[in-house]
Amino acid sequence: MIETKNIAARRETKTLQVASSISKMKEIAESLRRQNLTIGFVPTMGCLHGGHLRLIKKSLEFCDRTVVSIFVNPTQFGRDEDLDSYPRQLEDDIEKLEATAADILFHPGAEEMYPQNYKTHVQVQDISEYLCGKNRDGFFIGVATVVLKLFNIVRPHRAFFGEKDWQQLAVIEAMVEDLNLDVAVVRVPLVREPDGLAMSSRNRYLSPQQRQTALSLSRSLREARDNIRRGTTSAKVISDAIQRCLLEKEGCEIDYIAICDPESFRAKEQIRGRTLIAIAAKVGVARLIDNCIVEENECSE
Ligand code: AMP
């Protein structure tokens with residue numbers, strides 16, 4: 001186990017190993033396992049920011065070696081979504097990874113991950129059908145499939161995922177449990193910019209004006225928490241207030257406002273017990289999500 005205090009020392013001495021093929025990554029994973037080293041894994045689509053770096057830091061704290069994957073997964077993008085324009089900046093990302101002291105970058109090509117005769121997909125039923133699964137056909141099938149493939153290639157002992165993608169985390173946890181996968185899923189809290197905006201690779205699509213509009217997502221959640229603290233328990237009252245806040249500035253197109261159970265994603269009428277408030281909205285071309293967990297008269301993020 002590597003202790004936190006050793007991370008700075010490791011940063012000075014380590015070089016980042018890059019695996020661009022599945023066979024190379026498997027070879028590295030096999031060698032690490034043979035040496036009894038624990039493998040921490042942080043799957044990403046690149047364009048790394050502070051949210052990703054928090055996950056990597058957690059992995060460095062708890063695992064002997066940290067593998068970060070950068071793969072813009074085509075199967076989780078809908079036909080009219082931003083697969084082609086999704087920001088890609090590998091050189092920059094490599095510099096950031098070197099600065100964090102991550103050990104291995106796995107950066108496979110789409111043709112190798114999904115060759116022409118590719119046939120197999122993983123579907124986590126029920127919880128995939130709510131929120132982000134409702135209007136994004138096949139999104140969670142794409143996510144679960146690529147994560148299972150990555151787990152099989154990287155063979156991590158622990159895998160780190162951000163609570164920014166709350167529902168994605170639940171889908172992955174369900175897959176790990178249902179398929180008896182030998183990996184511990186570690187949740188990492190959502191990381192925000194100083195002004196409250198949830199960090200996201202898609203934030204770079206935002207013009208300065210759109211960024212101001214985008215701030216209404218986190219602001220509406222803060223106001224919701226304040227209202228719940230003051231005693232409001234009606235989900236409709238809270239949802240209407242969130243909607244008003246999101247639509248206050250022009251240019252915000254709401255996909256959903258969900259007030260629901262954080263595990264089953266069933267909608268709640270009354271905010272009793274632990275409740276997830278999740279929002280998805282488009283600002284310009286950027287599809288943004290944000291969420292918080294609230295409890296009656298007590299809130300936590
Ligand atoms: P992505 O590259 O957007 O697919 O994200 C890769 C991982 O980073 C996922 O586990 C995300 O939940 C996590 N992540 C992205 N943004 C944040 C954030 N602002 N805070 C915490 N985790 C994040």
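A search of the whole structure, which is a predicted model, returns three cavities of 30 Å³ or more.

**The largest cavity**

The lining of the largest cavity comprises 47 residues. Nearest its centre are Met-45, His-52, Lys-164, Asp-165 and Gln-168. By residue class, this lining consists of 27 nonpolar, 13 polar and seven charged residues. Helix 6 (139-154) is among the elements that supply at least two residues of the lining, along with strand 2, helix 3, strand 5, helix 7 (166-178), strand 8 and strand 9 (286-295). The largest share, six residues, comes from helix 6.

**The ligand and its shell**

Which residues come nearest to the ligand? They are Met-45, His-52, Asp-165, Val-191 and Met-199, out of the 16 residues around the ligand. Met-45, His-52 and Asp-165 are also among the residues nearest the centre of the largest cavity.

The shell divides into eight nonpolar, six polar and two charged residues.

| Residue | Atom on the protein side | Distance to a ligand oxygen atom |
|---|---|---|
| His-52 | side-chain N or O atom | 2.8 Å |
| Gly-162 | backbone N or O atom | 3.0 Å |
| Asp-165 | polar side-chain atom | 2.6 Å |

Taken alone, the ligand exposes 480 Å², and the protein buries 93% of that area. Strand 2 (39-44), helix 3 (50-62) and strand 5 (158-162) are the elements that give two or more residues to the shell around the ligand. Helix 3 provides the largest share of this shell, three residues. His-52, with its side-chain atom at 2.8 Å from a ligand oxygen atom, falls within the range of helix 3 (50-62).

**The largest pocket**

The largest pocket has a volume of about 400 Å³. Its lining is formed by 17 residues, and those lying nearest its centre are Asp-80, Glu-81, Arg-136, Lys-282 and Arg-287.

What is the make-up of the lining of the largest pocket in nonpolar, polar and charged residues? The lining divides into four nonpolar, three polar and ten charged residues. Strand 7 (252-260) and strand 8 (275-283) each supply at least two of the lining residues. Strand 7 gives the largest share, three residues. Strand 8 also supplies at least two residues to the lining of the largest cavity.

Methods
Residues numbered from 1 in each chain as written. Predicted model: local features only at pLDDT ≥ 70, side-chain atom pairs only at ≥ 80, totals over all residues. Heavy atoms only, no water. Near = heavy atom within 4 Å. Polar contact = N/O pair within 3.5 Å; in protein donor to acceptor, adjacent residues only side chain to side chain. Areas by Shrake-Rupley, 256 points an atom, 1.4 Å probe, with all protein chains shown as cover. Helix = DSSP H or I, 4+ residues; strand = E, 2+ residues; numbered from the N terminus. Nonpolar A, V, L, I, M, F, W, Y, C, P; charged D, E, K, R; others polar. 1 Å grid on protein atoms, 1.4 Å probe; cavity = no way out; pocket = protein on both sides within 12 Å on 5 of 7 lines; lining within 4 Å. Points joined across faces, edges and corners; volume = space filled by probe spheres on them.
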